[in-house]
Amino acid sequence: MRNFSNRHFENREYRRNRGKAVSAALAMALMTGLMTGCGTETASSETASSAGAASSAQEQTESSTFTVSAEDAASDTDAQSDDADGGDTGDGEKLNIVATIFPEYDWVREILGDQADQAEVTMLLDNGVDLHSYQPTADDLVKVSNCDLFIYVGGESDAWVEDALKNATNPDMKVINLLDVLGDQVKEEETVEGMEPEEEEKGSEGEAAEEGPEYDEHVWLSLKNAEVLCKAIASDIEELDPENKDAYEANLTSYEEKLADLDEQYQSTVDSAARKTLLFGDRFPFRYMVDDYGLTYYAAFVGCSAETEASFETISFLAKKVDELQLPCVMTIEGPNHKIATTIIENTKEKDQKILTMDSMQSTTSEDVKSGTTYLSVMARNLDVLQEALN
């Protein structure tokens, strides 16, 4: 069984200094008294010098986390007061759950169901910040430190978590690392034919740095994975609130049926499709999805790539592949920049392919949640797009 908990996948330059920034944010939180109860009464002189860096890190992220009771998020009524009485989990306090990304957050809401008043649920990445560039603020770290259950992906983008958990003030906190839960089902990132090569990281002497395998973080884009992960989340929630265990188990069973039904629809769509290949003029975070249903793909970049510019060779290869396979469209992920997909189309013979977008749920916001977006609704829309792309 692989263990992803303590891995540091710092394979890209733009994330190299994130650990230092997180440490600085932690130091600032300690200095300002936000993280009381950590067993630290006075800050060292080194801490003071870190505060400026932490402030800069906060300004870059500007992450206002989304914290509501799951009951509020699941209804169309106005948000209730944070001080409203909630369910008793045995110690007279509401269950406090923090999730880094939208799929985790939505799974928690589904499992809580009618017991929504038992919890305060926070989604850290709530304002469209991409998982791969997210940098926690001091306030985010406080939320993690005090929660009863913390759920995170566990890949290279979450290298900041280790330091955050060391400063946790709740000794009974439960932690779910999605990659750890999936174990050997986690896939290494792969570079397929025609894909833009990643720049090699350089060591201190300018030579290529030796690195371990890099794992694909986008595990939530598999409905099969979602079922496994929801089981793990439900199990921990049941342990934290055993009085409502039966309700949580019933909610999980109902949700698993919905996941399985949509999974069957995906398989049926692929089985009856005229084509079995997708081509992305973008990053490709859908590795788990295509592997689930036996699809092949071509793409400009790997799923976790920091690259934004494709070479002439990559554009040319992908354009020729569109012509060769007579593909009716070029795919992208969510976001306004479809320049690479447009350039690929401009270099095909017909130049009339459509651009279709699949949502990887890396930029889902609190406003999307309030408007009714759910994990299942996004995956259902993705199925509609997939059906058009394959036919």
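**Surface, packing and a helix pair**

Colleague: About how much accessible surface does the protein chain have?
Modeller: This is a predicted model, where local features need pLDDT of at least 70 and side-chain atom pairs pLDDT 80 or more, while totals for chains, interfaces and linings use all residues. Residues are numbered from 1 along each chain as its sequence is written, and side-chain values use heavy atoms, leaving out hydrogens and water. By the Shrake-Rupley method with a 1.4 Å probe, carbon and sulfur atoms hold 43% of a total of about 17,500 Å².

Colleague: What share of the 391 residues is buried?
Modeller: Buried means under 20% relative accessible area, with a 1.4 Å probe and protein chains only. Among the 391 residues, the share is 52%.

Colleague: How are helix 8 and helix 9 oriented to each other?
Modeller: Helices here are DSSP runs of H or I, at least four residues, numbered from the N terminus. The axes, lines fitted to C-alpha atoms over the stretch in contact (heavy atoms within 4.5 Å), come within 9 Å and cross at roughly 175°. Angles run from 0 to 180 degrees between N-to-C directions, and those over 145 count as roughly antiparallel. Helix 8 and helix 9 are therefore roughly antiparallel.

Notes:
Buried means under 20% relative accessible area, exposed over 50%, partly exposed in between (1.4 Å probe, protein chains only). Helices (H or I, at least four residues) and strands (E, at least two) are DSSP runs, numbered from the N terminus. Angles under 35 degrees count as roughly parallel, over 145 as roughly antiparallel, 65 to 115 as roughly perpendicular and the rest as oblique.
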